[in-house]
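These notes are meant for a colleague who is opening this structure for the first time. Please read the points below with the sequence and the model side by side.

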Amino acid sequence: MASKIYECISRIADRIIENKDYLTELDREIGDADHGINMARGYSEALEQLDKEDGDLSAVLKKTGMILLSNVGGASGPLYGTAYMKASKTVAGKEELSVEDGKAVFEAVIGGIKLRGKAERGEKTMLDAIIPAYEAYCQAADAGSSLTECLDAMCAAAAEGAEFTKTIRATKGRASYLGDRSIGHQDPGATSALLTMEAIRDFFKA
């Protein structure tokens, strides 16, 4: 895993960049119409700055977080930056990740996003995809499932969570200004989180 961390980040970047217009369109409905543009810019910069040969898992995740923090505008930069930097601390000293390590990474990421974004589940944010994904991952892990099975469960739950954001009112960020008019629209942050998790799953399945 450590020797291929650049490949994993690259898969995430490719997925985000491929879906730049889709994410921006979602954000046009309830935000500033720049989520896809900002995320694609941040990941493009990450691919430029990261050392392809760096096998230090923690260091690469930390640097990715710092790059996103500096290059992704709006709330997404601090949130994704925090997520990567929290994950980097969790995997410090590790060269491979186990199913249990996945739980710890999730917990650190969720805790960091909650603290930075002052958000909770049910407020039409990325947490509405990430927390159900974490719960599904843990349920699969506790049942003795393989890592790829856990990741499949994670992505299925994240997709349901992103879809669920259409049914609830936004109470955070620019979307909150729309009040009930935000209902019926899928949250772009939850969607980019879903795309991120799908890319991670695909990396481990390759």
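**Notes on the model**

1. The buried residues of α8 are covered by a set of elements that includes α6, α7 (127-142) and α9, where buried stands for a relative accessible area under 20%, exposed for over 50%, and partly exposed for what lies in between (1.4 Å probe, protein chains only). Helices here are DSSP runs (H or I, at least four residues), numbered from the N terminus, and strands are runs of E of at least two residues.

2. Before going further, please note that this is a predicted model, in which local features need pLDDT of at least 70 and side-chain atom pairs count only at pLDDT 80 or more, while totals for chains, interfaces and linings use all residues. Residues are numbered from 1 along each chain as its sequence is written, and side-chain values use heavy atoms, with hydrogens and water left out.

3. Helix α8 has 18 residues and reaches 25 Å from its first C-alpha to its last, close to the 26 Å expected at 1.5 Å a residue; the expected span is 1.5 Å times one less than the number of residues. Its buried residues are Cys150, Leu151, Met154, Cys155, Ala157, Ala158, Gly161 and Ala162.

4. Ala153 also belongs to helix α8 (residues 147-164), but with a relative accessibility of 24% Ala153 counts as partly exposed. When its neighbours within four places in sequence are left aside, Ala153 is in contact (heavy atoms within 4.5 Å) with Ala136 and Ala140. Ala153 and Glu100 are 53 residues apart in sequence, and their C-alpha atoms are 15 Å apart in space.

5. How many salt bridges does a search of the whole structure find? The search finds 13, each being a side-chain nitrogen of Lys or Arg within 4 Å of a carboxyl oxygen of Asp or Glu.

6. In helix α1 (residues 5-18), Arg11 and Glu7 are four residues apart and so separated by about one helical turn, and their side chains meet in a salt bridge with an N to O distance of 3.9 Å. Arg11 is partly exposed, with a relative accessible area of 31%, and Glu7 is partly exposed as well, at 34%.

7. Lys103 forms a salt bridge with Glu100, the closest N and O atoms being 3.5 Å apart, and the two residues lie three places apart in helix α6 (residues 99-117), which puts about one helical turn between them. An α-helix has 3.6 residues a turn, so residues three or four places apart point the same way.

8. Salt bridges that share partners join Arg15, Glu198, Arg201 and Asp202 into one network. Within this group, Glu198 and Arg15 form a salt bridge whose closest N and O atoms are 3.2 Å apart. This pair links distant parts of the chain, as Glu198 is in helix α9 (residues 188-205) and Arg15 is in helix α1, 183 residues apart. Are Glu198 and Arg15 buried or exposed? Both Glu198 and Arg15 are buried.

9. Ser88 is found in helix α5 and, at 3% relative accessibility, counts as buried. Not counting residues up to four places away in sequence, Ser88 touches Ser58, Leu61 and Lys62.

10. Val91 is found in the loop between α5 and α6, and at 1% relative accessibility Val91 counts as buried. Residues up to four places away in sequence aside, Val91 touches Leu57, Ser58, Leu61, Leu97 and Val105. Val91 and Asp56 are 35 residues apart in sequence, with their C-alpha atoms 9.7 Å apart in space.
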